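I opened a notebook page for this structure and wrote down each thing as I looked it up.

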Amino acid sequence: MSHKTLMNLVFTNVHNIFNDSTSLYLLQLTFFLIYAFILAFFNQRLQTYLWLREAESSLKRLQILASKSKEIVIKKINEVGKPNFDPSPSIESFLDFFVIEPTSLDPYGIVNKFRHILDVRSERFESFIKQIAPNVPQNYIPNLEGLMETAIGLNELYRLVRHYFILGKKTKNMLFIMQLQMNLPLIMRYAEAYFSATHAFSSGKPIGDGVGALVASKLMRGKQVKRITNKTIFSEFEYKDRKLIVIKAEGPGAEIGEIDDAIERIINMYGGRVSRIIMIDAALKLEGEKTGQIAEGVGVAIGGTGVEKFKIEEIATKYKIPLDALIIKMSLEEAITTMKKDVIEAADDAVKRVLNIIDTRTSQGDIVVIVGVGNTMGIL
Amino acid sequence: MVKLSKNNVLLLLSILFSILSIIFLFMAVINVQSTYDLVNLYSIDFLAAGVLCMILSMFFSYRHRRLLSLKILKQSQTVTRIRCDNDNCNYKEERFFQEGDYIFREVGKCPKCNGNLYIDAIYDLELKAKK
């Protein structure tokens, strides 16, 4: 039977079915029954399948981002560290690096335990970078540490999503798959931000989180700078008959410094005669808020694990020193990627706000400590 | 001749089939209207071709989106702003970021007043990365 005859036969039959009212009724009934059957028994399966497809697509993107960030790390380490061996296997195994938090069953002394573990982690990171990049200049080590951290972050996100995806697929449990699919938009936002951060760390560009350090740097520009603790500097100068002491991490490497120790030392150096502590830091904005918006409050403006916050609160409470907090708002993406123009402009406004606080809330002869909190990468 | 990427080919195919689908569906309607017969063979032909083109268009559009989602986005450009430290001189220049740049790094002498030039700001030109 030729192709044309077959087509004619099919179309003629279709024509007859549509012309005959009984056949048409039966056809409609069949369609209705099929539709009802699918809706009754397969709707959840269909939904689960669609969610899984979506998760699979995001997982593929995550895998690309994680492997690309690993490539960037390896390339950078080969470029600046010039190792005479292949660092890839060591980097590959270090991507699974983890930190076990101290137990909180007995919370007494947990802050010191946490501090100890974080110090060990920091040492471990530094020694690893020195091991795989033996010729790296000292001031470039923090940038490589930051780069390594972003690669670890991306790898962790990828493994987590893969775990829930496979678990959902194996168990066919709608709850697992639904949870994964609903969290995916946020996870992917973090992943893209981490990936952009990889580029910033690999070339040493200032990131949004460094706005506090930038404000401090603007205040101490042209003044004599001394080191106070490991990776932390300070500058002391007169301003309208007040003594200002500005503290920040030592740049331009990706350092956050030991701000808590520095504040403690300064306060002890002056026997507790500090009239005010003003802290400037980047903070997460709520959706709808403008990037670079400055808000003022009281308390210790510092993020992280809470270890530094605890120490600063302790010493400020001991000497009853008022704490002013100035925060510059931005999204998580903006905080870990290259600084935006709005943030740069906000730093100039923040300097004015700090000077205004000093003018209005302190008197002549007062000692004021100003702390620029944040990662000082790309900022002297 | 312009060489098209796989992405653009998929996009063009998707657009082409959606146009064809509209044309076929339109012809099916015209045919029904001119013959007053809902089930004449030509309109079924046109309808089938229209639906087929629509499915193909959706398929290529899906492939295009999927390929885009797997593509690494291009990073936005970073700018280094240089200023003169002389308060009376308003010399300012902007250039693309170079590795080794950092804020408050001294980068030479001012061509206007011979003061010291320093990097005043480093920032991203655009908020969203380009596709």
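**Entry 1: what I am looking at.** I note at the outset that this is a predicted model, and I read every value below as computed from that model.

**Entry 2: chain A as a whole.** I looked up the secondary structure of chain A and found 11 helices and seven strands. I then checked its overall dimensions: the C-alpha trace spans about 105 × 55 × 45 Å along its principal axes.

Entry 3: In what order do the strands of the open sheet lie? I read the order as 1-2-3-7-4-6-5, for seven strands with mixed pairing. The edges are strand 1 (225-229) and strand 5 (294-298) of chain A, each of which pairs on one side only. Neighbouring strands of this sheet are turned against each other by 25° on average, with direction ignored. I then looked for what packs on the sheet and found helix 8 (residues 259-269) of chain A, which touches strand 1, strand 2, strand 3 (242-249), strand 4 (276-284) and strand 7 (367-372) of chain A. The direction of helix 8 makes about 105° with that of strand 1 of chain A.

Entry 4: I went through some of the pairings in turn. Strand 1 and strand 2 (residues 232-239) of chain A run antiparallel and are joined by four bridges, and R227(A) stands opposite I233(A) in strand 2 of chain A. Strand 2 and strand 3 of chain A are also paired in the antiparallel sense, over eight bridges, with Y239(A) opposite R242(A) in strand 3 of chain A. Strand 3 of chain A is joined to strand 7 of chain A by five bridges, and these two run parallel; here I found I247(A) opposite V371(A) in strand 7 of chain A. As for cover, six of the eight residues of strand 3 of chain A are buried, so that I record the strand as mostly covered.

**Entry 5: two backbone points on either side of strand 3.** I kept in mind that most residues other than glycine have a negative phi, and that most peptide bonds are trans. Strand 2 and strand 3 of chain A form a hairpin with two residues between them, and K240(A) in the turn has a positive phi of about 45°. Is K240(A) buried or exposed? I count K240(A) as exposed because 11 other C-beta atoms lie within 10 Å, and the cut-off for exposed is 12 or fewer. In the loop between strand 3 and helix 8 of chain A I found P252(A), which a cis peptide bond joins to G251(A), with omega about 0°.

**Entry 6: helix 6 of chain A.** Helix 6 (residues 174-203) of chain A has 30 residues, and from its first C-alpha to its last it reaches 43 Å, close to the 44 Å expected at 1.5 Å a residue. Where does helix 6 of chain A bend? I placed the bend, about 50°, at L184(A), and noted that a proline, P185(A), follows within four residues. After helix 6 of chain A comes G204(A), whose phi is positive, near 70°.

**Entry 7: helices of chain B.** Helix 1 (residues 6-35) of chain B has 30 residues and reaches 43 Å between its first and last C-alpha, close to the 44 Å expected at 1.5 Å a residue. Its buried residues include L10(B), S14(B), F17(B), S21(B), F24(B) and A28(B). I then looked up R66(B), which is found in helix 2 (residues 41-70) of chain B. R66(B) is partly exposed, with 13 other C-beta atoms within 10 Å.

**Entry 8: a loop of chain B.** The loop between strand 2 (92-96) and strand 3 (106-109) of chain B holds F104(B), a residue other than glycine with a positive phi, near 75°. I count F104(B) as partly exposed because it has 19 C-beta neighbours inside 10 Å, and a residue is buried at 20 or more.

Methods
Residues numbered from 1 in each chain as written. Chains lettered and ligands numbered in written order. Predicted model: local features only at pLDDT ≥ 70, side-chain atom pairs only at ≥ 80, totals over all residues. Expected span 1.5 Å × (residues − 1). Bend = angle between axes of the 7 residues up to and from the residue. Pairing = 2+ DSSP bridges. Axes fitted to C-alpha atoms, helices over the stretch in contact; angles between N-to-C directions. Contact = placed C-beta atoms within 7 Å.
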